[in-house]
Amino acid sequence: MKSIQLITDGACLGNPGPGGWASILKYGTQVRELYGCEAHTTNNRMELTAAIEGLRALKEPCEVEVITDSEYVKNGITSWMAGWKRKGWITAAKKPVVNRDLWEQLDEQVARHRARWVWTKGHAAHTDNNRADELAARAAREQRRS
């Protein structure tokens, strides 16, 4: 099973507003950068989309170290999701899970792989996270201009 590193980030100009996401896939010396945008979205939706699209890009099951600066994504997938699913996608506060559509897509992608989730501080010393941030912000800015 291939061992892949996936670095993800999302950005939003306003929240909600124009948004961008980015994923960097690393396998040995190979690096692949993916990014995209949405006209009207939230930062959390872009963070989730970055993880979904990065995992979706993998053509076969892999061991994936997912590095994110989003505690929302990391905690959601590692701590909260099992309870949400048990309760029919209802939170501990007895409200429907926000972004359920994306959480379900992420769950589907994660099921294909053996994933380990790592949180990193955003806008800090993690070079790949800074690059993902740069790509996501650029995607948000470029689509706002178009």
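Predicted model: local features only at pLDDT ≥ 70, side-chain atom pairs only at ≥ 80, totals over all residues.
Residues are numbered from 1 along each chain as its sequence is written, and local features need pLDDT of at least 70. Side-chain values use heavy atoms, without hydrogens or water.

**Exercise 1.** Find the order of the strands in the open sheet, and say which stand at the edges.

*Solution.* Strands are DSSP runs of E, at least two residues, numbered from the N terminus. Two strands pair if DSSP finds at least two bridges between them. The five strands run β3-β2-β1-β4-β5, with mixed pairing. β3 (30-41) and β5 each have a single partner strand, so they stand at the edges.

**Exercise 2.** Check the span of helix α2 (residues 71-86).

*Solution.* A helix is a DSSP run of H or I, at least four residues. The expected span is 1.5 Å times one less than the number of residues. For the 16 residues of α2, that should give 22 Å. The end C-alpha atoms are 22 Å apart, which agrees. Just after α2, Gly88 has a positive phi of about 70°.

**Exercise 3.** Is Thr8 buried or exposed, and what does Thr8 touch?

*Solution.* Start with the place: Thr8 lies in strand β1 (residues 2-12). Buried means under 20% relative accessible area, exposed over 50%, partly exposed in between (1.4 Å probe, protein chains only). Thr8 has 1%, so Thr8 is buried. Contact means heavy atoms within 4.5 Å. Not counting residues up to four places away in sequence, Thr8 touches residues including Ala22, Ala50, Val66 and Asn129.
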